[in-house]
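Thanks for coming. I will go through one model this morning, starting with a pair of helices and ending with a loop.

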Amino acid sequence: MKMALNNHLKLEAFAQLTKEIYECRKCSLWKTRKRPVVGDGDTNACIILVGEAPGYWEDVEGKPFIGAAGKLLNEFLKKVGLSRESIYITNVVKCRPPGNRDPHPEEIKACGPYLDRQLDLIRPKVIVPLGRHSTSYIFSKAGVPFKSISEVQGKIFEAMFWETKTYLIPSYHPAVALYRVKLRSDIERALSLAAKILNNQIMI
Ligand code: URA
Ligand code: SF4
């Protein structure tokens, strides 16, 4: 197993990763993207949120979750007492699929190793995959079977990553909650579980 890096080396590794992602042509999404979206937040965070892929505004600005879904996500985070600055947010796929279509399996396969490296550098205590694509990817890494997001959202799963117990708390994707308003309380609950684990407010 690799040892966790000290902060200076970690920042260097992130800079290298950013450079590689900006130059990446491992799947065809580089052709239509304006900017890749590497991720944002605290690289020493204990919690990482993993979305699906950049949308229109993310592609323009190069930052994750800044469009309508991002604004809703910010509201949920605020409600459960988490700030964007204290967590890290990224996506499974770093470049925007044209017209915001779902990412194709080969795009997830090509891009996934960047997320793996981010996870390995940050080594968060809690991973919150947002939506089915992200959950399916993270669960497969953890060896947890995945059927549907509705079945697993808001539940706590344990995985051994980096020889350390890591908690996976899948959530519905905030973009879905823009029009399926009833799902908002589920997302809030999943995020509040993540916050409680961090604050040692629940015993597992
Ligand atoms: N949806 C995502 O999955 N990620 C973003 O960054 C924005 C919208
Ligand atoms: Fe590379 Fe990922 Fe962008 Fe595809 S989506 S070009 S694999 S950075």
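How are α1 and α4 oriented to each other, roughly parallel or roughly antiparallel? Before the answer, the conventions. This is a predicted model, where local features need pLDDT of at least 70, side-chain atom pairs count only at pLDDT 80 or more, and totals for chains, interfaces and linings use all residues. Residues are numbered from 1 along each chain as its sequence is written, chains are lettered from A and ligands numbered from 1 in the order in which they are written, and side-chain values use heavy atoms, with hydrogens and water left out.

Helices (H or I, at least four residues) and strands (E, at least two) are DSSP runs, numbered from the N terminus. The axes of α1, residues 7–23, and α4 come within 11 Å and cross at roughly 170°. Axes here are lines fitted to C-alpha atoms, for helices over the stretch in contact, with angles from 0 to 180 degrees between N-to-C directions. Over 145 degrees counts as roughly antiparallel, so that is what α1 and α4 are. From α1, the contact (heavy atoms within 4.5 Å) uses K10, A13, F14, Q16, L17, E20 and I21, and from α4 it uses Y114, R117, Q118, L121 and I122. By type, these residues are seven nonpolar, two polar and three charged. Nonpolar covers Ala, Val, Leu, Ile, Met, Phe, Trp, Tyr, Cys and Pro, charged covers Asp, Glu, Lys and Arg, and the others, Gly among them, are polar.

Next, the core. A nonpolar core is a set of buried Ala, Val, Leu, Ile, Met, Phe, Trp, Tyr and Cys residues joined through side-chain atoms within 4.5 Å; buried means under 20% relative accessible area (1.4 Å probe, protein chains only). The largest one has 61 residues, and L49, V128 and L191 touch the most other members. Helix α4, residues 105–122, gives the largest share of this core, eight residues. Beyond four places in sequence, L49 contacts residues including L73, L77, Y88, V128 and L191.

Helix α5, residues 132–142, has H133, S134, T135, Y137, I138 and F139 buried. Their cover includes β2, α4, β4, α6, β5 and β6. After α5 comes G143, with a positive phi near 75°.

Last, the loop between α6 and β5, which holds Q153. Q153 counts as buried, at 11% relative accessibility. Leaving aside neighbours within four places in sequence, Q153 contacts P170, S171, Y172 and D186.

Conventions
Buried < 20%, exposed > 50% of the residue type's maximum accessible area, 1.4 Å probe, protein only. Parallel < 35°, antiparallel > 145°, perpendicular 65-115°, else oblique.
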